[in-house]
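Please look through the structure below with its charged side chains in mind. The paragraphs that follow begin with one pair and then move on to others.

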Amino acid sequence: FGTFLGHKPVKVPPCVCVPEPTYPSDHHRYTFCSGLILPPTKAAQVSFSFLPGPCDPEDLIDGIIFAANYLGSTQLLSDKTPSKNIRMMQAQEAVSRIKASEGEPQPMTEVDLFISTQRIKVLNADSQETMMDHPLQTISYIADIGNIVVLMARRRMPRPDSQENVEASDPGQDSKRQYKMICHVFESEDAQLIAQSIGQAFSVAYQEFLRANGINPEDLSQKEYSDLLNTQDMYNDDLIHFSKSENCKDVFIEKAKGEILGVVIVESGWGSILPTVIIANMMHAGPAERSGRLNIGDQIMSINGTSLVGLPLSTCQSIIKGLKNQSRIKLNIVRCPPVTTVLIRRPDLRYQLGFSVQNGIICSLMRGGIAERGGVRVGHRIIEINSQSVVATPHEKIVHILSNAVGEIHMKTMPAAMYRLLTAQEQPIYI
């Protein structure tokens, strides 16, 4: 994994045994604060051996896997801070929308549900391709209803000048605003264990975050911890950028039947709130380039009405290849520069950066840390650090620069695959 600047990377163990839980029936209802890691019980402030939950805390750091069936996803509107009863009603509403009526076949996909202190990841059970990848701190609520698990994630609060993700009967009253909530519905015999394990993952992540920043969890109150996080704003917020209408465009590409679109796409990189694909290159005189409407760096949200958000790269490539015989293609894109700007605020050397780097490429990222909050993305190549190019800088020197940097650390990065294409280290394969 390279040199990690503050935390150990995630590994997926080949097999995990989860013991039978011995907790009250209401213990598997968890409410989380998006963006902050708040433990559901005071036990999160003591040593790992006393953390409540069905899993060994060390296993949650590495990651555990449950078998489940993915039934579907839906979107709801929610108040800013609903009660637990309202949350449960929202979860039940999501289930009623997704579950097929009695007697009708239920569409479902067999999946492996990966849970760790960094992320919740959904893998296709057969191909092991990633279907969804959510940083843990984006989860607002988890509930089990019988053998059904509902995973709910709320969009980040918009800035005052951006109201696109908000509906309000009275703009002057914050309490009446309605925020969009994404709900994923799963079916599993281990529904209660899954809910308990995610709750426990938050508790373990809370302690890991504090230790990575040189703070003894036993000596820090929950308020002090919250105050620490509240000083770190999300610098690179995709949802805000994507929600602004001037950044989003529908683009129509005309081409001959049998002609390829003529693009190379790469993943946006884990750490992006809305993971999708990026245009990394365009074929000279191909339909995409001829149109003059697309740029390198543009993120594709959907194509001919099919959303690409959260889909594996190979699936997105297959969708685009399947349009070869069409003469007109509609893409919904978000204008983004090919280079991502990162701003990490590090008060002093006691605060670990929380990501690993190998030969200039970011290999792993600690969820909830100051690097993630600054816009660092896994799979990106570091181009500059504090206006100094590190393209030809040896690995050891990059580590030295980052390890000793304090205050505001400005970086420019881009997807490593895009960098290799732009520097002719790889030959493009157009689709």
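Arg119 and Asp133 form a salt bridge, with their closest N and O atoms 3.4 Å apart, the term meaning a side-chain nitrogen of Lys or Arg within 4 Å of a carboxyl oxygen of Asp or Glu. Because Arg119 lies in strand S5 and Asp133 in strand S6 (residues 130-135), this pair ties together parts that are 14 residues apart in sequence; strands are DSSP runs (E, at least two residues), as helices are (H or I, at least four), numbered from the N terminus. Arg119 is buried at 13% relative accessible area, and Asp133 is buried at 14%, where buried means under 20%, exposed over 50% and partly exposed in between (1.4 Å probe, protein chains only).

This is a predicted model, in which local features need pLDDT of at least 70 and side-chain atom pairs count only at pLDDT 80 or more, while totals for chains, interfaces and linings use all residues. Residues are numbered from 1 along each chain as its sequence is written, and side-chain values use heavy atoms, with hydrogens and water left out.

The structure holds eight salt bridges, and another of them joins the side chains of Arg335 and Asp298 at 2.5 Å, N to O. That pair links distant parts of the chain, 37 residues apart, with Arg335 in the loop between S16 and strand S17 (340-346) and Asp298 in the loop between helix H6 (287-291) and strand S14 (299-303). Arg335 is partly exposed, at 22%, whereas Asp298 is buried, at 1%.

In the salt bridge between the side chains of Arg420 and Glu426 (2.6 Å, N to O), Arg420 is partly exposed at 26% and Glu426 is partly exposed at 34%.
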